[in-house]
Amino acid sequence: MIRLVPNHAARVQRARSVTFTFDDEAISGFVGETVATALQRGGHRLLRHAPEDGGARGAFCCMGLCQECLVQVGGRPVESCRLLVSADLTVTSLKRGAQSQ
Amino acid sequence: MSQIFDIVVIGAGPAGANAALTAAWAGCRVAMVDEQRKPGGQVWRAKNPVVLEAPTTPESRSGDALRQEVACSTVLTFAQSRVWQIESAASGWEIYVLKEGKVVTLVAKALILATGAREYVQPVPGWTTPGVIGLAGATAMFKQDLALPGQRTVVSGTGPLVFFVASEIRRLGGEVAAVVTPNSKREWLRAFPAMVRRPDLLVRGALWVADLYLAGVPIYWRHAVAEIDGETDVSGVTIRRLTRDWAPDGEPEFLGADSLCLGNGLTPAAEAAQLAGLELRYRADLGGWCPEVDASGETEREGLFLCGDGAGIRGAAAAEIHGKLTGETASAYVRGVAPGENHLLQQAYQRAARFGMAMTALSVPRKGLQTLMCADTVVCRCESLTRSDIVAEINAGAQSTLSVKSGLRAGMGPCGGKFCQGTISQLIAQAKGGEVSDVPPPTARPPLRPIPVAALAGDFEYDDLPIPKPAPL
Amino acid sequence: MTIVYDIAVVGGGIMGCAAALEMAAGGMRPIVLEQSDIGQGASGVNAGTLSLQIKRVKLMPYALKGHHAWARMGAAVGFKKTGGFTLAFTEREAELLTERQTLKAKAGAPIEFVSTKRLRNVEPNLAQKVVAASYCAEDGYANSSLTGQYFRGRLCDEAIEYQERCQILAIDRGASYQLTTSRGVIYAKRLLLAAGAWIKTAAALLDVHLPVDARINTVSVTERMPALISSVIGHATGLLTMKQKANGTVLVGGGWQGRGRPQEGRGQVMASSVMPNIALAQFAMPGLSKARILRSWTGFEANVPDFYPLAGALPGFDDAFVLGCVRGGYTIGPYIGQLMGDFILGREPELPLFDPGRDFDEDML
């Protein structure tokens, strides 16, 4: 099949893969990519429940505006679309029932 | 602790970075503040450290060239820094910046705002489902992480962005389930005269569309996503054909997908301009509410300049030139000389702006799109307020965005109203039988982004607390 | 046919609306004219604190009545009687606290001094450095954001006419008052100026000079937090008020000054005020450090040199009245509005009003 837009997937080289913790689960991600990206690749799109009605929420604007992808690190709120993956990172979700640190 | 500059530039996209460079080359001491790790803005966003090597794109090449220029210049870049407050001062401007968890104050004679745009996403049933991201948000993922939004993605929205996103998904090895766009082929043909002025972009866009056709990706012209299926993850979308006014009227059709990229045009990010004291006026042809700015970047306030999409959506090519023109104007202001007339640059700006505005015209949502919302569709994502909540408040007498905000908290959540006020304005206009241009957004309030208490508190010494005159007994 | 209203109320805040409601109940036909939206001036942007501990001694009877008025409005205005603590962190502040709260208690506020142990039992998340505290069980808060929604609803229920985004451009006095507004001409037999910090401007249209000044108070709010405090918190110097709403957001005030003038629109937030205000809040409640501030804003608090209300006939007029400049106006507003309505209806107010024609250099009470 003729492709006018080439597939570059195989030509992308990424930094090493590490695991970090998301709500006590080990998630693999590449060092230096955003936590939101790693989580969505790992099947974790649901990041929090909306405080008023418990509606499911995940990354939305992906540029630090909407605050939908908020997670906690060290008990403080962080935008997961701006937080980079590193080894030993421990992230807690704002899902209902998730353990706040 | 404050640092003093001739000029502070807020935003390091094509407009801001070029303004900063031009002013620095003219001999000004320039600081440039940006949220991202590196200059480039949304359109030329730099790669995150995760990417060690990858094929280049026109965006990455433009961005790398710009970053190279900034690196070689005297511009002092405050990266990963968030401006949260802007104040006018006797000496010019005071800019309060959050950097590495601390507040830094920058003082400058002139301030250049180059805050760019954000996306308008028309609320539809299910748009809060995880797995639905903005079209512009998708481009951020592509550019910084070279990552995909899912395995099989529906790409839906207005203007050229929908085709760029679909094409990038294919370039990065993903599968596009379908492209769904409210625009008709005829609308694109009508934009042709404006597009031939930029043959490079025209050819590129044509390639994207041709590639989608060759790959057998269905393109649904004059359609919109009417509903998203899935509770905690997208399982598919329902699309419908639209009328000329973009109201849904066709039979629903289901498309299976695990992700959706959705966007309906860009709108100027004008909160910083509002904080700096500029009035906004409604310009549908420029993407919505924007401050009054001329081609030289001058505003109604002394020492305040503005360039790029924050002055109205004219696109990256225009923003780049507008940045250069504004850099010249601001540096002339700082040096106390009359700005030179750069006719060639002015002409180039007008040409680029015409192209950009043609794209904006294709992207701006039409009224009918509103009717995709149902009574229980969430409008304010932060507070989970539905269309019926908002309409009930309007019917009870709330006639302004300010009143709806106060009564319901629509706009008081963490996003500060960035994703609901456009829709709320339209709902008010609709109820009053008026126009959106009669329903301005609420007063902008600092901080421009949420700021940690610990950062504001800083190294507080209790004994330094100024004890005021006691209140009268 | 031209409508001549019994009274035009200039200003659709708490006081103007409360007075209009009272006058309508008494048989008058008022119209409320508001330059922005109902309840969006100081009435809608203050911190919502209902604390007797920060009320003036001589206004205590009015404040007690005001508390009852808010309690009656109840859930519709987000009223919560939580009790309130005022904290002192130094010996000097403790002295100030003792002196001031003793006088307020004597004036009828049920204020008591409490041990730091009791304070800690009730509010374990407050800083341990408190050296003295007073408590008032009557204290609480309401949600000032709901002022507009509430009073607009009340006006509608009572079929009282109002105009929003209605600027008064000129007032002429003939057989009746003729108000030229941005939304047309309005005729009324009487006038009540209840325009908050804009009272001075409104009175100037009648060539009356009122020595009204405005403080520009700053309020900030955090995003939702886990439960940290249940009471309204104050500070001996008055530099801090703090409360956590039912939704988890923490509201921080304390009268830190922004800048701007009412004539130029809304006031501006100053970072140099917000930062120490938030620092003091974090000092008093260290757990706040994990939150983010979402918004800061200012509201104009009008006052005259003696810091007592203007409530009575406009000097030189028998059919024009003025109501405003009430220190603690959010608390007292609904009640003093009602008193003003009674006065205009020709009734004897339950408590005395405050002659706007007085000599502001004398202690009037």
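Author: In this predicted model, the side chains of R82(A) and E79(A) meet in a salt bridge, with N and O 3.0 Å apart. A salt bridge is here a side-chain nitrogen of Lys or Arg within 4 Å of a carboxyl oxygen of Asp or Glu. Side chains of opposite charge can pair when their charged atoms come close. R82(A) counts as partly exposed, at 24% relative accessibility, whereas E79(A) is buried, with a relative accessible area of 7%. Buried means under 20% relative accessible area, exposed means over 50%, and partly exposed lies in between (1.4 Å probe, protein chains only).

Residues are numbered from 1 along each chain as its sequence is written, and chains are lettered from A, with ligands numbered from 1, in the order in which they are written. Because the model is predicted, local features need pLDDT of at least 70 and side-chain atom pairs count only at pLDDT 80 or more, while totals for chains, interfaces and linings use all residues; side-chain values use heavy atoms, with hydrogens and water left out.

The pair does not stand alone. E79(A) and R82(A) belong to a network of salt bridges that also links E35(B), R82(B), R449(B), E223(C) and R292(C). Over all chains, the count comes to 40 salt bridges.

A further salt bridge of chain A is formed by the side chains of R45(A) and D233(B), at 2.5 Å from N to O. R45(A) lies in the loop between α1 (35-41) and β4 (48-49) of chain A, and D233(B) in the loop between β13 (223-229) and β14 of chain B, so the pair joins two chains. Helices (H or I, at least four residues) and strands (E, at least two) are DSSP runs, numbered from the N terminus. R45(A) is buried, with a relative accessible area of 9%, and D233(B) is partly exposed at 31%.

In chain C, K189(C) forms a salt bridge with D6(C), the closest N and O atoms being 3.2 Å apart. K189(C) lies in strand β12 (residues 184-193) and D6(C) in strand β1 (residues 4-10) of chain C, so the pair ties together parts that are 183 residues apart in sequence. K189(C) is partly exposed, with a relative accessible area of 43%, while D6(C) is buried at 16%.

It remains to describe chain A, in which the opening pair is found. Chain A has 1 helix and 8 strands, which follow the pattern β-β-β-α-β-β-β-β-β along the sequence. Its C-alpha atoms fill a box of roughly 50 × 30 × 20 Å, taken along the principal axes. Of the 101 residues in chain A, 54% are buried. One buried residue is Q67(A), at 4% relative accessibility, in the loop between β5 (56-57) and β6 (70-73). Q67(A) has a positive phi of about 70° although it is not a glycine.

W246(B) is placed in the loop between β14 (236-241) and β15 (253-256) of chain B and counts as buried, at 0% relative accessibility. Elsewhere in chain B, the peptide bond from P446(B) to P447(B) is cis, with omega near -5°. P447(B) is in the loop between α13 (421-432) and β23 (451-452).
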